[in-house]
Amino acid sequence: MIPRRYKADRMLSPISLLILSLICLIPITVCSQTEPDTLESVLSDSIASSMELDLTPAPVTNVTVADTDNDAGGSITVSWMPSADDYSGGKVRLYRVMRAEAVNGQPGEFTEVGDSPAGKTDYSSDDGNTSDDVSYFYKVVAVNVVYNEAGEESEFTSESDMAGPITSTPQWFHKQRINTLVGMCLLSFFIIYYIAQAKAGKKLFIRKIAGMEAVDEAVGRATEMGKKIFYISGIGDMDNMMTIAAMTILGRVAEMSAQYETYLDVPVCRSMVMVTAREVLKEAHSKVGRPDAYKDDMVHYLTDDQFGYAAGVDGLFVREKPATIFFMGQFYAESLILAETGNSIGAIQIAGTAMPSQLPFFIAACDYTLIGEELFAASAYLSKEPKLLGSLKGQDMGKGVVLAAILLGVLLETFGVFQLSNLFSVID
Amino acid sequence: MRQEIPLLITAIVGIGFVIQYFIPHWPFGKMSDWFSDWFSIVGACAIILGALNLLKVSIEKTYRRKEDWGYAAVIIASFLLMTIIGIAEGRGFRNPGTSFDWLYNFVYIPLSATMFAILAFFVASASYRAFRARNFEATLLLIAAFFVMIGRVPVGHTLSSFMPIGWQLSDLASWVMTVPQAAGQRAIMIGIGLGIVSTSLRIILGLERAHIGGGK
């Protein structure tokens with residue numbers, strides 16, 4: 001119609017043009033009244049088709065599938081090259097990962113198994129959602145989501161080529177943890193070697209730990225004053241290494257207090273710590289020949305709540321006014337509340353924790369503080385047993401190796417060699 | 001046997017845990033989750049022991065009118081009040097609007113917050129003692145603390161705003177925190193890591209027995 005009108009426009013006068021235009025309009029009107037769908041549908045299909053082309057993102061390419069490494073099976077990693085429309089403000093909103101089980105080597109029906117946001121080029125699920133004895137095919141769909149003025153959502157998608165078949169398998173060794181294994185073996189070797197040396201009678205020099213040297217004095221002071229000793233094992237439970245270390249130190253302190261016939265009060269924050277501490281105290285009293293001095297009430301539960309526990313212990317400190325207080329284990333914000341209250345009543349206080357953020361509080365408020373590793377060394381130190389002291393020597397050798405590695409690393413990094421630091425990267 | 005059996009269990013479980021860290025294959029890969037679940041189950045059951053112990057000690061103290069028995073009476077009353085209301089309100093006892101929720105929001109939380117707030121005053125008293133320049137180390141601590149504190153408040157920024165960027169008090173405070181402080185803390189963390197491995201090894205090998213009453 002447009003060319004015809006164009007011709008008329010050039011050939012006829014304006015009046016003739018008006019008449020002709022009216023004549024031409026008649027069939028159009030008639031046509032639209034008699035066949036309402038034909039022209040509109042043609043036009044809308046044409047517009048929709050051009051819009052779809054415009055809004056459909058380019059498909060992703062190079063889809064590769066591989067068994068996820070270092071896992072217990074049940075996971076496949078899908079990687080791809082991003083769509084050409086995957087850029088800031090581009091047409092890709094997300095990538096939809098589709099999977100189909102292989103049936104006689106051919107893919108069955110594809111279903112969605114997950115998605116990755118735009119910009120990401122891989123997907124893996126470690127929730128065991130693949131079976132290790134089934135093969136799978138994958139494809140990745142680039143998705144654009146468009147909303148019209150009414151807020152209705154429309155999706156424009158383009159599929160990649162299919163990749164597969166692939167089967168997930170579990171691994172028998174986590175290859176990215178080999179550095180941890182080597183480090184652990186080295187440290188264990190040092191520890192076992194020095195334990196053997198100590199057993200053979202070799203004299204080992206262990207530096208003095210002031211806090212541990214003061215334990216005798218602290219227990220003796222309580223005995224002389226006829227007052228209680230309080231042992232606070234923190235708010236950690238028995239799955240915490242600091243609490244376990246606290247229990248081993250409690251065993252040594254309990255032996256001394258039993259020998260000196262001084263009452264040891266152990267208010268605890270966890271029921272399982274209560275049960276363990278009771279066993280520790282019972283055995284310690286039996287060991288020094290004072291089983292009669294042990295009472296279950298020496299270890300008593302207060303509450304699991306952090307500040308409730310702090311309030312309870314503070315109350316006991318203020319009312320009982322102990323001569324000696326030990327803080328050993330895992331502490332958080334309650335550390336200073338407890339230690340300052342102990343300080344205010346004039347008790348001799350020995351603290352030990354491996355919580356770096358709480359160490360300054362203990363150092364400020366306590367007479368002696370076991371810093372970090374000293375907490376773990378305390379039991380061995382107090383026992384004076386050669387084989388336990390040997391383990392401390394081995395631990396120190398491990399520290400020497402770490403120190404040497406740090407110095408070497410600093411030198412190499414300074415000169416632009418970065419391989420050494422890569423050896424120490426650990427994947428959780 | 002009283003010591004050998006616990007030592008054997010400890011050794012087996014300890015070695016199992018070391019192995020599971022390096023082997024993702026079933027059943028090793030799932031061991032950590034299983035033990036974690038069982039620890040939670042045992043811990044949940046053990047809370048009964050703790051609660052019973054708390055009640056026993058408090059009732060005994062109140063019954064015998066021991067010194068400060070009033071505190072024990074408050075414990076018993078609070079314990080029974082919360083327990084009875086919690087049980088009476090059934091499964092939805094933590095829902096908004098319940099009596100238990102009211103007690104939690106208007107009694108328990110303010111009491112906890114009060115204890116936490118006391119920390120501010122204890123920090124002041126502990127700082128006063130720690131920052132006395134008694135010797136070289138304490139003086140160094142005092143100087144470092146002074147710069148960190150003044151560098152972290154607006155007045156510190158104002159006082160040093162005439163200095164070039166990178167040399168202002170806030171920059172000095174950041175440097176103290178990110179270089180010497182971080183270095184010291186990392187050194188402590190390395191020591192802690194080695195200490196944990198060493199203690200674990202002593203326990204797994206049965207050398208450390210203080211927690212089960214063993215030793216020389």
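Helices (H or I, at least four residues) and strands (E, at least two) are taken here as DSSP runs, numbered from the N terminus. The model is predicted, so local features are given at pLDDT of at least 70 and side-chain atom pairs count only at pLDDT 80 or more, while totals for chains, interfaces and linings use all residues. Residues are numbered from 1 along each chain as its sequence is written, and chains are lettered from A and ligands numbered from 1 in the order in which they are written.

The peptide bond between Gly164(A) and Pro165(A) is cis, with an omega of about 5°. Chain B has a cis peptide bond between Trp26(B) and Pro27(B), for which omega is likewise about 5°, and Pro27(B) is located in the loop between α1 and α2 of that chain. Most residues other than glycine have a negative phi, and most peptide bonds are trans.

Asn62(A), which lies in strand β1 (residues 61-67), has a positive phi of about 50° although it is not a glycine. A residue is called buried if 20 or more other C-beta atoms lie within 10 Å of its own, exposed if 12 or fewer, and partly exposed in between, with C-beta atoms placed from the backbone. Asn62(A) is exposed, having 12 other C-beta atoms within 10 Å. Asn104(A), in the loop between β3 (94-103) and β4 (106-107), has a positive phi of about 55° and is not a glycine either; Asn104(A) is also exposed, with 5 other C-beta atoms within 10 Å.

Chain A also contains an open sheet of six strands, in the order β12-β11-β10-β13-β14-β15 and with parallel pairing, where two strands count as paired if DSSP finds at least two bridges between them. Its edge strands are β12 (299-301) and β15 (368-371), each of which pairs on one side only. Neighbouring strands of the sheet are turned by 15° against each other on average, direction ignored, the axes being lines fitted to C-alpha atoms (for helices over the stretch in contact) and the angles running from 0 to 180 degrees between N-to-C directions. Within this sheet, strand β10 (residues 229-234) is mostly covered, since six of its six residues are buried. β10(A) pairs in the parallel sense with strand β11 (residues 264-268) over two bridges, and the bridge partner of Phe230(A) in β11(A) is Asp265(A).

A nonpolar core is a set of buried Ala, Val, Leu, Ile, Met, Phe, Trp, Tyr and Cys residues joined through C-beta atoms within 7 Å. The largest such core has 95 residues, of which Tyr231(A), Leu250(A), Val253(A), Val268(A), Ala277(A), Phe327(A) and Ala339(A) touch the most other members. Helix α6 (residues 241-260) of chain A gives the most to this core, with 12 residues. Two residues are in contact if their C-beta atoms, placed from the backbone, lie within 7 Å. Leaving aside residues up to four places away in sequence, Tyr231(A) touches Leu250(A), Val253(A), Leu264(A), Val266(A) and Phe326(A). A second, separate core of 20 residues includes Ala100(A), Tyr136(A), Ala142(A) and Val143(A).

Chain B is built from seven helices and zero strands. Its radius of gyration, taken over C-alpha atoms, is 27 Å, well over the 17 Å that the globule rule (2.2 Å times the number of residues to the power 0.38) gives for 216 residues, so chain B is more spread out than a compact globule. The C-alpha atoms of chain B fill a box of roughly 65 × 50 × 40 Å along the principal axes, and buried residues make up 16% of its 216 residues. Among contacts in chain B between residues at least 6 apart in sequence, 26% join residues at least 24 apart.

Finally, the two chains meet where 52 residues of chain B are in contact with 69 residues of chain A. On the side of chain B that touches chain A, α1 (4-22), α2 (28-63), α4 (99-130) and α7 (169-204) each supply at least two residues, and the largest share, 14 residues, comes from α7(B). The residues on this side of chain B divide into 32 nonpolar, 15 polar and five charged, where Ala, Val, Leu, Ile, Met, Phe, Trp, Tyr, Cys and Pro count as nonpolar, Asp, Glu, Lys and Arg as charged, and the others, Gly among them, as polar.
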